[in-house]
Amino acid sequence: MTIPLTGDVVVIGRSAIADLVFTDDSLSRQHARLVRVGDEHKLEDLESRNGVFLNSIRIFSATLRTGDTIQLGELIFLYSEGIHS
């Protein structure tokens, strides 16, 4: 499944107020956010219970690159840079 990042800020979590909602108990209500900075995305931990991991390393904030593996709770995503319009 491909999930396009259409907003400048995308909150990921279990809460209905998150932009990307996943019903996985390993996620916090507002687990992490992706922030667009120019042509890049920055991944930020929102003080989540189970942490945010980028390429198997726990991070609190990092800029993403194509091929990065993101783990939020038990969910794993592969980041790919795209074209912004």
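Modeller: Residues are numbered from 1 along the chain as its sequence is written, and side-chain values use heavy atoms, with hydrogens and water left out. Because this is a predicted model, local features need pLDDT of at least 70 and side-chain atom pairs count only at pLDDT 80 or more, while totals for chains, interfaces and linings use all residues.

Colleague: What makes up the secondary structure of the protein chain?

Modeller: Zero helices and nine strands. Helices are DSSP runs of H or I with at least four residues, and strands are runs of E with at least two, numbered from the N terminus.

Colleague: How do you know that β8 and β9 pair?

Modeller: Two strands pair if DSSP finds at least two bridges between them. Strand β8 (residues 69-72) and β9 have four bridges, in the antiparallel sense, so they meet that definition. Ile70 stands opposite Phe77 in β9.

Colleague: And what joins β5 to β6?

Modeller: Three bridges, again antiparallel, with Val52 opposite Ile59 in β6.

Colleague: Why do β6 and β9 stand at the edges?

Modeller: The open sheet has the order β6-β5-β8-β9. β6 (57-59) and β9 (75-78) each have a single partner strand, so one side of each is left without a neighbour in the sheet.

Colleague: Why does the radius of gyration of the protein chain agree with a compact globule?

Modeller: The radius is taken over C-alpha atoms, and the globule rule is 2.2 Å times the number of residues to the power 0.38. With 85 residues, that gives near 12 Å, and the protein chain has 12 Å, so the two agree.
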